[in-house]
There are 2 protein chains.
Amino acid sequence: MDEKNISRAVIRRLPRYYRYLGELLEEGVERISSNELSSKMHVTASQIRQDLNNFGGFGQQGYGYNVPYLYTEIGKILGLDHMHHMIIIGAGNLGQALANYVQFEKRGFMVVGIFDINPVLKGISIRGNEIRMMNELPEFLRTNDVQIAALTLPKSNAAETAKILVENGIKAIWNFAHLDLSVPEDVIVENVHLSESLMRLSYNLNRYVTEHKK
Amino acid sequence: MDEKNISRAVIRRLPRYYRYLGELLEEGVERISSNELSSKMHVTASQIRQDLNNFGGFGQQGYGYNVPYLYTEIGKILGLDHMHHMIIIGAGNLGQALANYVQFEKRGFMVVGIFDINPVLKGISIRGNEIRMMNELPEFLRTNDVQIAALTLPKSNAAETAKILVENGIKAIWNFAHLDLSVPEDVIVENVHLSESLMRLSYNLNRYVTEHKK
């Protein structure tokens with residue numbers, strides 16, 4: 001399977017396909033046509049066919065898509081067929097929310113460590129992980145197999161923390177701090193900028209109100 | 001200013017411009033060329049000129065962009081020039097993280113109410129807002145001016161809650177629950193699907209590892 005030419009837009013949509021297929025599986029649905037999937041997902045059937053064709057013959061004329069097969073294959077493409085170990089840096093509300101979210105573990109993302117600089121938090125256990133202090137981080141990364149670090153700390157500490165992570169071999173950062181990290185090319189950063197999401201909501205609301213005043 | 005033809009891609013980028021311009025303002029920078037902004041933001045200068053041209057003559061040849069003016073104008077476009085009242089439905093870790101995030105208030109998003117179904121949480125105060133029970137929600141919406149509702153509750157309760165919000169006049173939902181809400185056309189939904197973000201990270205990590213094994 002050649003994934004190199006798959007557009008970012010398609011990749012962005014894959015998790016949503018995965019979610020819908022997972023729900024169909026739970027309902028015991030074994031196969032589905034692009035038209036049925038289209039009406040469920042509010043995406044055109046031609047878009048669905050185009051997107052899923054990227055991954056080769058999943059659909060069969062007159063039969064539709066084989067739901068368990070498609071679910072498994074998209075899962076593999078998304079790297080969900082094996083376990084990832086994740087640490088969380090910043091044990092505030094957001095970090096604790098991520099640590100407590102059982103769905104991540106079901107998808108293969110296992111929280112193996114939580115770090116903070118606040119000594120008051122030291123040793124508090126969140127779903128079996130005791131909060132560690134930041135000075136333990138380099139040693140922890142040397143002695144544990146960790147692929148992903150979630151940054152749920154204030155902007156002011158994020159750049160320095162990212163540096164420590166990269167120096168200790170982390171190749172994937174899930175960044176909630178509201179800044180763009182400077183990292184080497186081989187380090188993957190996925191940003192969740194909540195303020196920016198809220199501004200897009202505000203933009204659309206503002207635009208809607210303006211248009212309806214006319 | 002005609003905003004109708006501005007592409008979604010440009011809109012998606014505006015909050016990031018706003019953030020960089022805000023940082024420049026804090027540093028006392030009064031004007032900046034598209035080239036300088038380009039090297040800061042790691043976006044091509046031509047992309048910057050194209051994006052900002054959408055909003056009419058902000059840039060002047062040989063002078064560059066007037067930072068305070070551009071910041072203010074983009075703020076207006078994003079609807080940040082007036083206060084929005086927001087409620088949070090679901091007072092778990094994520095809801096509390098949003099309620100505690102002071103940056104939102106600085107941007108004009110003021111949390112005026114927090115709701116949950118768990119009676120244990122009733123009356124607990126988060127930055128001056130006492131957690132209310134869900135059965136108080138309709139009355140609260142009738143007697144308070146609320147524009148935005150953040151949904152930080154389990155997927156299983158989200159659809160029903162969105163229905164109550166819409167029936168009581170909410171026009172903007174910031175949805176963290178991992179499902180697509182069915183709402184009337186005039187209701188704006190901005191989704192933050194953390195699982196999907198994590199899957200994109202996993203996809204990119206997986207792809208990187210695969211390519212480097214070759």
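Reader: What should I know about the conventions before I start?

Author: The model is predicted, so local features need pLDDT of at least 70 and side-chain atom pairs count only at pLDDT 80 or more, while totals for chains, interfaces and linings use all residues. Residues are numbered from 1 along each chain as its sequence is written, chains are lettered from A and ligands numbered from 1 in the order in which they are written, and side-chain values use heavy atoms, with hydrogens and water left out.

Reader: How many helices and strands are there in chain A?

Author: Elements are DSSP runs numbered from the N terminus: helices are H or I with at least four residues, strands are E with at least two. Chain A has 9 helices and 10 strands. Its C-alpha atoms fill a box of roughly 60 × 55 × 35 Å along the principal axes.

Reader: What percentage of the residues of chain A count as buried?

Author: Buried means under 20% relative accessible area, exposed means over 50%, and partly exposed lies in between (1.4 Å probe, protein chains only). Of the 214 residues of chain A, 50% are buried. As for surface, areas come from the Shrake-Rupley method with a 1.4 Å probe; for residues, only the protein chains shown count as cover. Chain A exposes about 10500 Å², and carbon and sulfur atoms supply 47% of that.

Reader: Which residues does A:Asn206 contact, leaving aside its neighbours within four places in sequence?

Author: Contact means heavy atoms within 4.5 Å. A:Asn206 touches B:Lys76, B:Ile77, B:Gly79 and B:His82, with those sequence neighbours set aside. A:Asn206 sits in helix H9 (residues 194-213) of chain A. Its relative accessibility is 16%, so A:Asn206 counts as buried.

Reader: And B:Ser38: is it buried or exposed?

Author: B:Ser38 is buried, at 15% relative accessibility. Helix H2 (residues 34-41) of chain B holds B:Ser38. Not counting residues up to four places away in sequence, B:Ser38 meets B:Val43, B:Thr44, B:Ala45 and B:Ile48.

Reader: What share of the contacts in chain A with a separation of 6 or more joins residues 24 or more positions apart?

Author: That share is 54%.

Reader: Which residue forms a salt bridge with A:Arg16?

Author: B:Asp180 does, with the closest N and O atoms 2.9 Å apart. A:Arg16 is in helix H1 of chain A and B:Asp180 is in the loop between strand E9 (172-175) and strand E10 (188-191) of chain B, so the pair joins two chains. B:Asp180 is partly exposed, at 23% relative accessible area. A:Arg19 also meets B:Asp180 in a salt bridge, at 3.3 Å from N to O. A:Arg19 lies in helix H1 of chain A, so this pair too joins two chains. A:Arg19 is buried, at 4%.

Reader: Where do the partners A:Glu105 and A:Arg127 lie?

Author: Their salt bridge has its closest N and O atoms 3.5 Å apart. A:Glu105 is in helix H6 (residues 102-106) of chain A and A:Arg127 is in the loop between strand E6 (125-126) and strand E7 (129-133), so the pair ties together parts 22 residues apart in sequence. A:Glu105 is partly exposed at 35%. A:Arg127 is partly exposed at 43%. Elsewhere, salt bridges that share partners join A:Arg16, A:Arg19, B:Asp180 and B:Glu196 into one network.

Reader: Which residues gather in the patch of positive charge?

Author: Patches use residues with over 30% relative accessible area and no salt bridge; like charges are joined within 9 Å, and nonpolar side chains (Val, Leu, Ile, Met, Phe, Trp, Tyr) within 5 Å. Here A:Arg8, A:Arg12, B:Arg8 and B:Arg12 gather on the surface. Helix H1 (8-26) of chain A and helix H1 (8-26) of chain B each give two or more residues to the patch. B:Arg8 is exposed, at 73%.

Reader: Which phi does A:His42 have?

Author: A:His42 has a positive phi of about 55° although it is not a glycine. A:His42 lies in the loop between helix H2 (34-41) and helix H3 (45-53) of chain A, and is exposed at 69%. A:Arg127 has a positive phi of about 45° and is not a glycine either.

Methods
A salt bridge is a side-chain nitrogen of Lys or Arg within 4 Å of a carboxyl oxygen of Asp or Glu. Lys and Arg count as positive and Asp and Glu as negative; His and the chain ends are not counted. The place of a charge is taken as NZ of Lys, CZ of Arg, CG of Asp or CD of Glu.
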